[in-house]
Amino acid sequence: MFRSLVTGAALAVTLASPTFAATYNTLSGEAPLIIAHRGASGYLPEHTLAAYELAIQMGADIVEPDLQTTADGVLVAMHDSTLTRTTNVEDLFEPRNGGYLVSDFTLEEIKSLTVEPASSTASTEYPGYTPSMSDPFKVPTFQEVMDLVNAHNSSTGDVIGIYPEAKVPSAETMNRQILTEMKANGFTEASDNSFVQTFSAVGAKELADIQDELDMDNQIAVLGYVMLTDDGFGVYDYPTGTINLLSDLALFADGVGVYLGYDLSPEFIAAAHELGLAVHGWTFNQSDYDSAFDTQSYWIAAGMDGLFTNYSLLTREVVDSLTSPVPLPAGLPLLLGGLGAFAFLRRRKAA
Ligand code: G3P
Ligand code: CA
């Protein structure tokens, strides 16, 4: 099944045009976006400046910071609401209020921590990569993540996007703060390749409304789990326990970020595209090329618009393998056939 769809995609690549440009079933017709999930988190400690920098060097199009808020109101890149899984907080601090909530520690305290590899394949170094910053494995602020991306874009002309996730989904304060900071840092338009995401349709609508108020137009993605209902495809909304139909989400969202399971299918992607919604899947976690190719090329052939990946390099290689110009041996029969037909027509004309 995987291979036959891939063959179909490869054929589309081969026959698309004389310039051998690849075609995609994505909403835009462009190559799917490689979204560095928590940075290059399969290789380095997640949600660190080094992980974001390495992801960009590996060819990611967008970096994803999940966001939490410190006790003194600063947005920091961190998936969990607690500091324990990814940092050495327990070595340095006693518990507060019975635990280690990010929201119970100041930025200064959090900056004293070191982020440690949480993935089984991650390390504190990657062959050939030297971090450009002096403290590559501290918890970065959202501001520092945007600074890194903006510095890269300014020096290269690239348009690497950011994809912040409001981890407190429908907290108006957090949503407004994220958008205000994005605006101050120049991430305002869809053409900036940036999205804002959250696990709540209510929160996503709130983000859309605040964007209107602030005259911004970043793309909004609703996260959740695909469900097929009697009324059509929908996305299960974790905070409310309800299923929102795609047609309702399309009223304010630009895309859906969906778990790679439940009722996700090529038909779901087609239904979302019919409504103008992009589909981004999470999380692609294959750590070897063959498995990455098998899984990712299937969803790419089905038209998936973006892949949240822990292994930016492997996903870049998969996408590039489907984009490459036709190698000469494959194109040679077509070329010879064309030349033969040309010669035949010339002979007929001469006769
Ligand atoms: O935001 C997409 C994906 O990252 C959702 O899962 O738990 O890794 O934030 P999580
Ligand atoms: Ca996330």
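**Questions on the model**

Trainee: Where is N193 found?
Mentor: Helices (H or I, at least four residues) and strands (E, at least two) are DSSP runs numbered from the N terminus. By that assignment, N193 is found in the loop between α6 and β7.

Trainee: What is the mean pLDDT of the protein chain?
Mentor: Residues are numbered from 1 along each chain as its sequence is written, chains are lettered from A and ligands numbered from 1 in the order in which they are written, and side-chain values use heavy atoms, with hydrogens and water left out. In the protein chain, 86% of the residues reach 70 or more. The mean is 90.

Trainee: Over which residues does pLDDT stay under 50, with zero contacts beyond four places in sequence?
Mentor: Where pLDDT is low, the predicted coordinates should not be read in detail. Residues 1-20 also stay under 50, but the model has 26 contacts (heavy atoms within 4.5 Å) beyond four places in sequence for them. The stretch with zero such contacts is residues 341-345.

Trainee: Is N193 buried, partly exposed or exposed?
Mentor: Buried means under 20% relative accessible area, exposed over 50%, and partly exposed in between (1.4 Å probe, protein chains only). N193 is not a glycine, yet its phi is positive, about 65 degrees. Its relative accessible area is 25%, so N193 is partly exposed.

Trainee: What is the relative accessible area of Y262?
Mentor: Y262 is in the loop between β11 (255-259) and α9 (266-274). Its phi is positive, near 50 degrees, in a residue other than glycine. Y262 counts as exposed, with a relative accessible area of 57%.

Trainee: Why do the buried residues of α5 line one face of the helix?
Mentor: The buried residues of α5 are F142, V145, M146, L148, V149 and N153. On the other side of α5, S154 and S155 are exposed. Seen down the helix axis, the buried residues line one face because the arc they fall within (taken from the directions from the axis to the C-beta atoms) is 155 degrees.

Trainee: What do the buried residues of α5 pack against?
Mentor: Helix α5 covers residues 142-156 and reaches 21 Å between its end C-alpha atoms, close to the 21 Å expected at 1.5 Å a residue. Here the expected span is 1.5 Å times one less than the number of residues. The buried residues of α5 pack against α2 (49-57), β2 (62-64), β3 (66-69), β4 (75-77), β5 (161-162) and α6 (172-184).

Trainee: Which backbone oxygen does the side chain of Q68 reach?
Mentor: Q68 is found in strand β3 and is buried, at 7% relative accessible area. Beyond four places in sequence, its contacts include V74, M78, D80 and K167. At 3.1 Å, its side chain reaches the backbone oxygen of D80.

Trainee: How far is a polar side-chain atom of K167 from an oxygen atom of ligand 1?
Mentor: The residues around ligand 1 (a heavy atom within 4 Å) include H37, E64, K167 and W282. An N or O atom in the side chain of H37 is 2.8 Å from a ligand oxygen, and for a polar side-chain atom of E64 the distance is 3.0 Å. For K167 it is 2.7 Å.

Trainee: Which peptide bond is cis, with omega about -10 degrees?
Mentor: T283 is in strand β12, and W282 is one of the residues around ligand 1. The cis bond joins W282 and T283.

Trainee: Which residue caps the N-terminal end of α10?
Mentor: Helix α10 (residues 289-301) has 13 residues, which should span 18 Å, and its end C-alpha atoms are 17 Å apart, which agrees. G303 follows α10 with a positive phi near 100 degrees. At the N-terminal end, a side-chain oxygen lies 3.3 Å from the backbone nitrogen of D290, and the capping residue is D288.

Methods. Predicted model: local features only at pLDDT ≥ 70, side-chain atom pairs only at ≥ 80, totals over all residues. pLDDT = per-residue confidence, 0-100. Polar contact = N/O pair within 3.5 Å; in protein donor to acceptor, adjacent residues only side chain to side chain.
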